[in-house]
Amino acid sequence: MIRQLILVEKTTLLHESDDAEPQREPGQIKVTVYPLTATGQGAPNLMLNMIGDDASVQKSWLIVTRDGCCAEHATKAVYSLESGKYLFNTTRDKWATLGAKGGFAMTRIAAIHMAPTEADKELFKGRERGAAIISYASPITPLQRLMLLVPPGTDSGAVSLGWSGELQWVSASYPNGADHIYVDRTAPAGQVFTETILRFRLDENRSVDIPLKNDHLDITAAKLPKNFELVEMSVE
């Protein structure tokens, strides 16, 4: 078991005047993680500075929330407290997961970030047609990020506001989909996390289906609505 002391510092700037509504600047979050050893607090092994409005710890993850304004979604940046790596952003509270024998490392997470949010400029890297980012990760490291592009001439933010954002795994045992599937056997990850489909439901009539083959989401075999595209993103 890893024992850590986590210091979270939050800064918020609010500009006020007599004749205007208060103007709020994006919040800043600073996180410092110290190991706790038999001799006490050790030197910091992780320091993060980022834009955010709140931070929390869930199990082995640090979650930094950036609030939305008006019709925008809030988005949560998720980091591994074990490795310090950024895993993914998500605009939903629930993730789709896979599990198998072999402990903590034999877990896979699929998460969705949907426009519009305050973080879209950074996350979509300026791609105007970017409407969603589908992430695939282990508990300690990112494995894949896929960007869903809407058809040319479409307002990505306006279109995605009407999407359900539901992610499910579909397999022979779960033909109607499930948000968690456990594989009750021991084998390497490439042999366990395979022959499954990750389904991203847009609405009642449309979905994006991406086959998972040998622990890799295969965008070349994905089924998409007409004129939609999937592109691979860097996880660095």
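Two strands count as paired if DSSP finds at least two bridges between them, and strands themselves are DSSP runs (E, at least two residues; helices are H or I, at least four) numbered from the N terminus. This is a predicted model, in which local features need pLDDT of at least 70 and side-chain atom pairs count only at pLDDT 80 or more, while totals for chains, interfaces and linings use all residues. Residues are numbered from 1 along each chain as its sequence is written, and side-chain values use heavy atoms, with hydrogens and water left out.

Begin with the open sheet of 6 strands, whose order is β16-β11-β12-β13-β14-β19 with mixed pairing. Select 180–183 and 229–233 to see its edge strands, β16 and β19, each of which pairs on one side only. Next select residues 96–100, strand β11, which pairs with β16 in the parallel sense over 4 bridges; here G99 stands opposite Y182 in β16.

Now turn to the largest pocket, with about 500 Å³ of space. A pocket is an open set of points on a 1 Å grid over the protein atoms alone, where a 1.4 Å probe fits, with protein on both sides within 12 Å along at least five of seven lines, and lining residues have an atom within 4 Å of a point; the volume is the space filled by probe spheres set on the points, which are joined across faces, edges and corners. Of its 22 lining residues, select Y79, Y86, N89, E122 and L123, the closest to the centre.

Finally, visit the second largest pocket, with about 280 Å³, and select Q58, W61, I63, D93 and W95, the closest to its centre among 17 lining residues. Strand β7 gives the most to this lining, with 4 residues.
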